[in-house]
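Q: Could you take me on a close look at the enclosed spaces inside this model, and at what surrounds them? I would like the cut-offs spelled out as we go.

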Amino acid sequence: MSQTDTLQTQTDDIEDLETLRYRRLPARWMAICLALTTLTILLAVNQVFNLGFFKMTFGMVLVTNRYMYLLAGVMIAMLFLIMPAVKSAPKTRVPWYDALLFVLTLVLTAYFVYFAEDILDEAWEFNPPEHGLYVSLFLWAIVLEAGRRAGGIAVFIIVGVLSLYPVYAGMMPDVISGVSRPFLLTGAFHMFSEESLLGIPMKAFSSLVFGFLLFGVALIYTGAGQFFINLAFALMGHVRGGPAKVAIFSSGLFGSMSGGPVTNVLTTGALTIPAMKSIGVRPKTAAAIEACASTGGVMMPPIMGATAFIMADFLGVRYIDVALAAAIPSLLYYLGLFIQIDAYAAENKLSGLPKEQLITLRQVFKEGWYYIAVFVFLVWMLIFLKRESHAPYYATILLLVINQFNAKHRLSLQRFKELLFAAGGLLAELAGLLAAVGLIVGALQVTGMTGTLTNDLVYLAGENQFALLIMGAATSFVLGIGMTVTAAYIFLAIILAPALIASGLDPMSVHMFLLYWGMLSFITPPVALAAFAAASVSNCKPMETGVEAMRIGSIIYFIPFFFVFNPAFLGNGSAIEVIVVCATAVIGIFLISAALQGYLVWVGSLTGHLFSLPSRALLLIGGLLLALPGGGILPFTHWQLAIIALITTGTGLCLNLLGRRQIIA
């Protein structure tokens, strides 16, 4: 089979990989899901573009809470149809209990939609009618179950315990005690207030995440995944270690669309891992490279993962501000991966694939030029027109229209139904997760614990920023093991971010720091999900792959500290300062990667002699000193760090030269 045929087969199977966790619904239930997905898309379009359909048709204003109740209710109801309760549950039919949950969720949603204006006008979160108390309890339980299905048992336990916090807050030790509320009133607050179920997570979902998720699914189902993989092979498939470099390029681009490291591994990795192994890359290294490349895609603009949109809401900034801030760190991360892989290929004398086996660049652009055009259009609307909420919808329409003129990827009616179902599944899954995590926000807000915890953390750290950062990194990583990145980030954005910001750190840097460290659990044992998924594709040991992924992706452990030490790494500074910190970081990452892999361009191998270890250690230290930004919270200037780094690096190079001469002698 030719590579082009393999690429086509792999892309045709993307929807299968995307929906492995979803049921294969019978025709009747599938029709219901497609109808509900279409309804929610129309709802979102009506609200985002302020079309006023409900006022013109029914004389009813679709106030914000009514819209969010509709969106959340319909999506959560769909979740019970699409995602089985447990792994052993039926995969090809809907059992009676899920059908019951589906109907019950829609009935409860109708209640909240009907009383939406009364809920706002009469402050039901604090003074609900008696019937509201009991209806709230039912929806509370349903939201917890939706969170369990979407985010796993860890999300269910954490959300369950913390959503009940207002009930037992007054019984806790003074340090973490808060204002108690009766059980029934706690449920009412969660369901009726705009700080819990309808809080920041659901607000971000209903206003921004929804549209960008649709755009991402449309890209995948119109062949963009294949286009970016083809483009990567055409550009770099023939160079030294080509398939490994292809993994970086394609996984970074695909990851920005899918937003999920594991999904990314299973799609792009199905092609790149065998290609890497075919040129001599060790199985565990091939899997680790793919895992690292797929993990970084979560923070790759312009689409990124859903967490970026929630971050924008927490910070009160535009989404494009978050995307621009994430650009430099993500590019530095991929640069570090690229240099390490190039050094690995040089040290192990790995060639690329023969050009005659690869698709040509001309053919790639001939078949898929419009994907680039749509991306340019999206960025133009985001940056220049500043129409963030409208941009993904216009881009999706443009993509679908142009795509119909491409005979190879033209959507048939069946393919369009598959696109709709995939979109509905992803939206339902995310809605279930965000609705559940929103209860944590509400519990901490109503008890007044947010401010208390912030003060306590600052006190415990003795107002020491470094201590707070280490606490933040450790907590983010631990939560990232048991929860999704989005859930872990939301939890820490409430608990820890205010304390870090109160200590004087830049707000954007703090939130990005927590997100990066939550993401690291995907490549760090003991539960490195992306690495383990890649190991299954590569047929190697999962734990060894996780350790290898830590080494190859090691630069990602340092980058969050870089932009916290100096926000210029996020573009927050003068043009000169941004250029200086980026330039020194590039050189530093170059040295770090060379030291880790044992090969430096223009110098050659750094291994195989008496002084190999000390010379590489000095190069690693010199690289770190260069990459560290001065002028921020560190008590050193750029020049002081550069001079120390120059001395350290020079010493390391001299030791390497001396060791190599001894071998020759």
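A: Happy to! Let us begin with burial: a residue is buried under 20% relative accessible area, exposed over 50% and partly exposed in between, using a 1.4 Å probe and protein chains only. The model is predicted, so local features need pLDDT of at least 70 and side-chain atom pairs count only at pLDDT 80 or more, while totals for chains, interfaces and linings use all residues. Residues are numbered from 1 along each chain as its sequence is written, and side-chain values use heavy atoms, with hydrogens and water left out.

With a relative accessible area of 1%, T105 is buried. T105 sits in helix 6, residues 96-114; helices here are DSSP runs of H or I with at least four residues, numbered from the N terminus. Leaving aside neighbours within four places in sequence, T105 is in contact (heavy atoms within 4.5 Å) with G73, I76, A77, F80 and I142.

Now for the cavities. On a 1 Å grid over the protein atoms alone, a cavity is a set of points where a 1.4 Å probe fits but cannot get out, and lining residues have an atom within 4 Å of a point. Grid points are joined across faces, edges and corners, and a volume is the space filled by probe spheres set on the points. There are four cavities of 30 Å³ or more.

The largest cavity holds about 70 Å³ of space. Its lining is made up of Y69, A72, G73, I76, T109, F112, L139, V143 and L197. Two or more of these residues come from each of helix 5 (64-82), helix 6 and helix 8 (130-151). Helix 5 contributes the most, with four residues. G73 and I76, both in this lining, are also among the contacts of T105.

Helix 13 (224-236) and helix 19 (361-383) each supply at least two of its lining residues, and helix 19 gives the most, with four. The classes here are three nonpolar, five polar and one charged.

Conventions
On a 1 Å grid over the protein atoms alone, a cavity is a set of points where a 1.4 Å probe fits but cannot get out, and a pocket is an open set with protein on both sides within 12 Å along at least five of seven lines; lining residues have an atom within 4 Å of a point. Ala, Val, Leu, Ile, Met, Phe, Trp, Tyr, Cys and Pro count as nonpolar, Asp, Glu, Lys and Arg as charged, and the others, Gly among them, as polar.
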